[in-house]
Every structure is written in structure tokens, then in C-alpha cells.
Amino acid sequence: MSRFVNQVDQQILRILDKNARAKATDIAAQVNLSPSVVINHLRRMEERGIIARYTTQLNYNELGYGIRAWLHVQLEHAKYAERFAAQVQHMPNLLSCDYVTGEFDFLLQAILRSTQELDQLHSALSSTEGVAAVKTHVVLRDIDCSPPI
């Protein structure tokens with residue numbers, strides 16, 4: 001059990017991870033508690049910042065984004081990191097951008113409608129000041145993993 005949440009909190013978090021719209025009454029039935037107790041657990045986890053927000057997971061394929069890719073970006077020098085991070089925030093098609101350790105400096109996740117869009121994104125990244133290299137990895141299949149809650 002985590003030192004940050006107790007066993008009941010973990011059960012509640014697993015339920016919310018599968019369905020962020022789950023009602024307190026439904027959660028209560030699954031964890032054998034009253035809805036008011038579940039609501040108290042939820043409030044406490046919200047106040048502590050354990051639950052940062054409730055969100056929706058979109059099916060990008062159904063929205064016409066049939067290609068998902070990871071792009072590794074290597075900078076010429078660390079001095080370009082802040083500028084690069086600011087620029088990619090405004091690029092279309094990016095789901096996430098992480099500043100990472102290792103051979104590359106940034107790891108970006110993108111969704112695209114076509115290989116032409118992927119080519120355009122790759123070109124835009126490659127021509128950004130300070131970028132030394134961009135490597136692209138197209139996702140072939142998602143593998144669902146369970147979070148460590």
C-alpha cells in the first residue's frame with residue numbers, strides 16, 4: 001500500500017481511472033461504503049492534490065487521427081531548451097512534450113490524420129532553431145497497462 005493513499009483510496013482511484021464519471025453511489029457499492037464516506041475520500045484526495053482533475057479519454061481514431069507517433073528531439077545545446085519548449089506548445093497535433101534525460105532532449109507524442117501531416121510536423125521540428133536531430137517512431141498498436149495504484 002502506498003504511503004500517500006490508503007487501501008480504500010486505491011480502490012476508488014482504480015474505479016475512477018476506468019471511468020472518471022463514476023458516481024459516488026456506484027463507487028460506494030463497489031467498495032462497500034456509503035456514498036458520503038466515498039465523497040469524503042474524494043474531497044480529501046482532491047485537497048491533497050492526488051486527484052488533480054477529472055478528464056475524458058478521447059478515441060483519436062474515431063476523430064480521424066489514425067496515426068500516433070513519438071518524436072525524439074535532440075538539441076544542439078541545452079541553451080535552446082526553453083525556447084524549444086515554448087515553440088512546441090503552439091504546434092498542432094502534439095498531445096505531450098516532455099523534457100527528458102538520455103540521448104535525446106525532448107519526447108513528443110503526436111496524433112496525425114495522414115503521413116503528410118507527419119511529414120509536415122517532422123519538417124517543422126527539424127527546422128526549429130537549435131534542433132540537431134528528430135527521430136520518429138510510429139505506434140503500431142496500443143498495449144493497455146495498469147497504473148500502479
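## Leucine 108 and its contacts

Leucine 108 is in contact (heavy atoms within 4.5 Å) with Ala69, Trp70, Leu71, Val73, Phe84, Val88, Leu94, Ser96, Cys97 and Leu125, leaving aside its neighbours within four places in sequence. This is a predicted model: local features need pLDDT of at least 70, side-chain atom pairs count only at pLDDT 80 or more, and totals for chains, interfaces and linings use all residues. Residues are numbered from 1 along each chain as its sequence is written, and side-chain values use heavy atoms, without hydrogens and water.

## Nonpolar cores

A nonpolar core is a set of buried (under 20% relative accessible area, 1.4 Å probe, protein chains only) Ala, Val, Leu, Ile, Met, Phe, Trp, Tyr and Cys residues joined through side-chain atoms within 4.5 Å. The largest one has 20 residues. Leu71, Val73, Leu75, Phe84, Leu108, Leu121 and Leu125 touch the most other members. At least two residues each come from β1, α4 (81-88), β3, α5 (115-126) and β4 (131-138). β1 gives the largest share, five residues.

A second, separate core holds 14 residues, including Leu13, Leu16, Ala28 and Val38.

Helices (H or I, at least four residues) and strands (E, at least two) are DSSP runs, numbered from the N terminus.

## The largest pocket

The lining of the largest pocket consists of 36 residues. Nearest its centre lie Asp17, Thr56, Gln57, Leu58 and Asp144. α1 (7-18), β1 (67-75) and β3 (106-112) each supply at least two lining residues. The largest share, five residues, is from α1.

A pocket is an open set of points on a 1 Å grid over the protein atoms alone, where a 1.4 Å probe fits, with protein on both sides within 12 Å along at least five of seven lines; lining residues have an atom within 4 Å of a point.

Technical notes. Buried < 20%, exposed > 50% of the residue type's maximum accessible area, 1.4 Å probe, protein only.
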